[in-house]
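Thank you all for coming.

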Amino acid sequence: MSIWSRIAEALAALAAGESLSEVFGKLRTPPEKSVGFTIAVIALGAKMAKADGRVTQDEVYAFREVFHIPPNEEKNAARVFNLARSDVAGFDGYAAQIARLFGPESPVLEDVLEGLFHIALADGEYHPNEDAFLAEVARIFGVSETAFSAIRARYSPRHRDPFAILSVSPDTPTPEIRRRWRELVRETHPDRMIARGVPEEAVKMATRRLSEINEAYEEIMAKRAA
């Protein structure tokens with residue numbers, strides 16, 4: 001059964017009067033956590049799309065870059081998006097549900113946050129309201145400021161900093177930077193992402209992440225060799 005078929009089953013519960021946030025509460029174990037991840041990014045993405053006051057077609061396309069949505073399943077994805085966008089509940093409630101779903105310090109929470117960054121930058125702009133939205137989601141998730149800054153540095157040209165991308169400082173010794181780079185490369189391997197419950201549809205984010213990590217490392221090494 002595909003992840004979108006499972007999402008359709010989860011949404012069927014809404015016919016009985018349950019809210020989208022209540023559906024989250026039932027998605028506690030694999031493979032339901034993968035369903036939860038997908039719904040989470042779409043739902044929070046819908047809330048974030050309103051943060052800058054407009055929803056662009058680019059942001060809609062961004063969902064399809066993170067998730068492969070078969071043509072016959074687009075209605076299910078659109079339903080999640082529209083339910084979350086029209087829900088009177090605030091985004092912080094959704095974020096809190098997701099944090100409880102995966103548990104404290106789960107690396108999946110950073111994956112969700114990265115998916116939101118991908119959507120936020122899809123229109124080529126990073127609005128201050130989007131930054132405030134994502135910073136608050138990160139706080140609710142328990143994502144450290146260092147980890148948040150690393151993700152933002154990878155996605156926002158205005159905040160790009162090779163040292164922040166690797167979560168090191170400009171005065172960090174080269175051997176330590178090299179160790180940190182190798183650690184990040186290992187953590188970004190697609191197999192590791194799948195092992196921690198991220199659906200295959202979202203693993204393609206790791207390709208960009210790995211590219212940014214390598215570019216940041218090469219930039220730092222080139223400067224130090226000059």
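This is a predicted model: local features need pLDDT of at least 70, side-chain atom pairs count only at pLDDT 80 or more; totals for chains, interfaces and linings use all residues.

Residues are numbered from 1 along each chain as its sequence is written, and side-chain values use heavy atoms, with hydrogens and water left out.

Helix α7 has 14 residues and reaches 20 Å from its first C-alpha to its last, close to the 20 Å expected at 1.5 Å a residue, the expected span being 1.5 Å times one less than the number of residues. Of those 14 residues, 12 are buried, so α7 is largely enclosed by the rest of the structure; buried means under 20% relative accessible area, exposed over 50%, and partly exposed in between, with a 1.4 Å probe and protein chains only.

How does α7 lie against α8? Helix α7 (residues 107–120) and helix α8 (residues 128–141) pack at an angle of about 175°, with their axes 10 Å apart, where axes are lines fitted to C-alpha atoms over the stretch in contact, and angles run from 0 to 180 degrees between N-to-C directions. The two helices are therefore roughly antiparallel, a term for angles over 145 degrees. On the α7 side the contact (heavy atoms within 4.5 Å) includes Leu 109 and Phe 117, and on the α8 side it includes Glu 130 and Phe 141.

Leaving aside residues up to four places away in sequence, Met 48 touches Leu 116, Ile 119, Ala 120, Phe 133 and Leu 134. Met 48 and Ile 119 are 71 residues apart in sequence, yet 8.7 Å apart in space, C-alpha to C-alpha.

Finally, the loop. Ser 167 is found between α10 (162–165) and α11 (174–187), and this residue has a positive phi of about 60° although it is not a glycine. With 26% relative accessibility, Ser 167 counts as partly exposed.

Key
Helices (H or I, at least four residues) and strands (E, at least two) are DSSP runs, numbered from the N terminus. Angles under 35 degrees count as roughly parallel, over 145 as roughly antiparallel, 65 to 115 as roughly perpendicular and the rest as oblique.
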